[in-house]
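Here is a friendly walk through one protein model. Take a look at the chain below, and then we will visit a few of its residues together.

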Amino acid sequence: MPPKAKCDKISLSQAESFLIYMKYVLGIIAALLGVGMVLKTQWLIENFGTNNWAEEHLGYNGGSRLLYKLIGLVLIFIGFLLITNLFGGFLIGTVGKIFIR
């Protein structure tokens with residue numbers, strides 16, 4: 001009988017290393033997307049239009065701009081949490097107390 005456990009361990013470690021690197025890639029993509037949203041807000045307004053809720057609640061003429069910038073800042077924050085491997089700790093520290101008793 002061939003030793004399958006040895007092959008399974010190798011593929012498992014490759015999958016684990018892939019997931020470790022994927023956190024960095026996703027974090028960088030999220031941070032770059034957030035920076036793009038903050039810097040190119042006018043382009044977003046021209047292509048996707050304004051948001052009625054944001055215009056009503058966040059300001060008359062700049063509500064949509066503010067909403068796009070806030071979403072961009074949240075994406076930057078999440079991206080840096082993923083890059084520094086603090087995302088899990090942040091979730092447990094904030095909303096994790098709701099689910100863990």
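Let us begin with Asn85, which sits in the loop between H4 and H5. The model is predicted, so local features need pLDDT of at least 70 and side-chain atom pairs count only at pLDDT 80 or more, while totals for chains, interfaces and linings use all residues. Residues are numbered from 1 along each chain as its sequence is written, and side-chain values use heavy atoms, with hydrogens and water left out.

What is the phi of Asn85 near? Phi of Asn85 is near 60 degrees, a positive value in a residue other than glycine. Most residues other than glycine have a negative phi. Asn85 counts as exposed because its relative accessibility is 51%. The terms work like this: buried means under 20% relative accessible area, exposed means over 50%, and partly exposed lies in between, with a 1.4 Å probe and protein chains only.

**The whole chain**

The protein has 6 helices and 0 strands, giving the pattern α-α-α-α-α-α along the sequence. Of its 101 residues, 20% count as buried. Among contacts (heavy atoms within 4.5 Å) between residues at least 6 apart in sequence, 57% join residues at least 24 apart.

Met37 belongs to helix H1 (residues 4-39) and counts as buried because its relative accessibility is 13%. Leaving aside neighbours within four places in sequence, Met37 is in contact with Leu44, Tyr68, Ile71, Gly72 and Leu75. The C-alpha atoms of Met37 and Ile76 are separated by 9.7 Å, although these residues are 39 apart along the chain.

Thr41 is part of helix H2 (residues 41-48). Is Thr41 buried or exposed? With 4% relative accessibility, Thr41 counts as buried. Beyond its neighbours within four places in sequence, Thr41 is in contact with Arg65, Tyr68 and Lys69. Its side chain makes a polar contact with the side chain of Lys69 at 3.3 Å, and a polar atom of the Thr41 side chain lies 3.1 Å from the backbone oxygen of Val38. A polar contact is a pair of N or O atoms within 3.5 Å; within protein, one must be able to donate a hydrogen and the other to accept it, and residues adjacent in sequence count only if both atoms are side-chain atoms.

**Asn51 in a loop**

Asn51 is found in the loop between H2 and helix H3 (52-57), and it is partly exposed, with a relative accessible area of 28%. Not counting residues up to four places away in sequence, Asn51 touches Ser64 and Leu67. A polar atom of the Asn51 side chain lies 3.0 Å from the backbone nitrogen of Trp53. Asn51 and Tyr68 are 17 residues apart along the chain, and their C-alpha atoms are separated by 9.5 Å.

**Aromatic pairs**

How many aromatic pairs does the structure hold? There are 2, listed here.

| Pair | Centre to centre | Angle between planes | Kind |
|---|---|---|---|
| Trp43 and Phe48 | 6.2 Å | 85 degrees | edge-to-face |
| Phe77 and Phe90 | 5.3 Å | 80 degrees | edge-to-face |

Rings of Phe, Tyr and Trp (its six-membered ring) pair if their centres lie within 6.5 Å; planes under 30 degrees apart count as stacked, over 60 as edge-to-face and the rest as tilted. Phe77 is partly exposed at 44% relative accessibility, and Phe90 is partly exposed at 34%. In the other pair, Trp43 is partly exposed at 49%, whereas Phe48 is exposed at 59%.

**A nonpolar patch**

Phe77 and Phe90 also belong to a nonpolar surface patch, together with Leu91, Ile92, Val95, Ile98, Phe99 and Ile100, and the patch has about 810 Å² of accessible area. Patches are made of residues with over 30% relative accessible area and no salt bridge; like charges are joined within 9 Å, and nonpolar side chains (Val, Leu, Ile, Met, Phe, Trp, Tyr) within 5 Å. A salt bridge is a side-chain nitrogen of Lys or Arg within 4 Å of a carboxyl oxygen of Asp or Glu. Helix H5 (87-94) and helix H6 (96-99) each supply at least two residues of the patch, and the largest share, 3 residues, comes from H5. Ile100 lies in the segment after H6 and counts as exposed at 56% relative accessibility.

How values were computed. Accessible areas come from the Shrake-Rupley method with a 1.4 Å probe; for residues, only the protein chains shown count as cover. Helices (H or I, at least four residues) and strands (E, at least two) are DSSP runs, numbered from the N terminus.
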